[in-house]
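This report describes the nonpolar core, selected contacts and backbone angles of one model. The sequence and structure are shown first.

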Amino acid sequence: MSRTRSAQPDPRATLRGGLPDRYLTPEDIAEIFEVPKETVYQWRKKRVGPPGFRIGKHIRYDPADVLAHVAERKSTDQDAA
């Protein structure tokens with residue numbers, strides 16, 4: 001029996017509740033931040049989003065790096081206000 005999209009946990013809920021036990025895909029990042037997947041690829045190209053790394057031809061994101069990126073952005077935004 002294959003897993004359907006609805007059977008998979010929401011990455012946003014998993015990330016809020018603790019670090020997921022797997023690396024995140026660009027699709028996960030797009031879902032977490034509620035942006036199009038193309039935006040995630042543009043962030044990577046411009047080096048402005050969470051840092052990712054390659055596994056062969058695939059891009060993956062370490063959940064700890066994503067949380068650190070969010071914390072840094074929050075801090076920067078609060079300092080600017």
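Is Thr25 buried or exposed at its relative accessibility? Thr25 counts as buried, because its relative accessibility is 17%, where buried means under 20% relative accessible area, exposed over 50% and partly exposed in between (1.4 Å probe, protein chains only).

## Basis of the values

The model is predicted: local features need pLDDT of at least 70, side-chain atom pairs count only at pLDDT 80 or more, and totals for chains, interfaces and linings use all residues. Residues are numbered from 1 along each chain as its sequence is written, and side-chain values use heavy atoms, with hydrogens and water left out.

## Surroundings of Thr25

Thr25 is located in the loop between α1 (11–17) and α2; helices (H or I, at least four residues) and strands (E, at least two) are DSSP runs, numbered from the N terminus. Residues up to four places away in sequence aside, Thr25 touches Ile59, Arg60 and Tyr61, contact meaning heavy atoms within 4.5 Å.

## The nonpolar core

The largest nonpolar core has eight residues in all: Leu24, Ile29, Ala30, Ile32, Val40, Ile59, Tyr61 and Val66. Two elements, α2 (26–33) and β2 (58–61), each give two or more residues to this core. The largest share, three residues, comes from α2. Such a core is a set of buried Ala, Val, Leu, Ile, Met, Phe, Trp, Tyr and Cys residues joined through side-chain atoms within 4.5 Å. In soluble globular proteins, nonpolar side chains tend to be buried together.

With neighbours within four places in sequence left aside, Ile29 is in contact with Leu24, Val40, Trp43, Pro50, Tyr61 and Val66.

## Tyr41 in helix α3

Helix α3 (residues 37–46) contains Tyr41. Tyr41 has a relative accessible area of 32% and is therefore partly exposed. Between Tyr41 and Ile59 the separation is 18 residues in sequence and 9.5 Å in space, C-alpha to C-alpha.

## Positive phi angles

Most residues other than glycine have a negative phi. Glu34, a residue other than glycine, has a positive phi near 55 degrees. Glu34 belongs to the loop between α2 and α3, and Glu34 counts as exposed because its relative accessibility is 60%.

Arg47 is likewise a residue other than glycine with a positive phi, here near 60 degrees. The loop between α3 and β1 (52–55) holds Arg47. With a relative accessible area of 77%, Arg47 is exposed.
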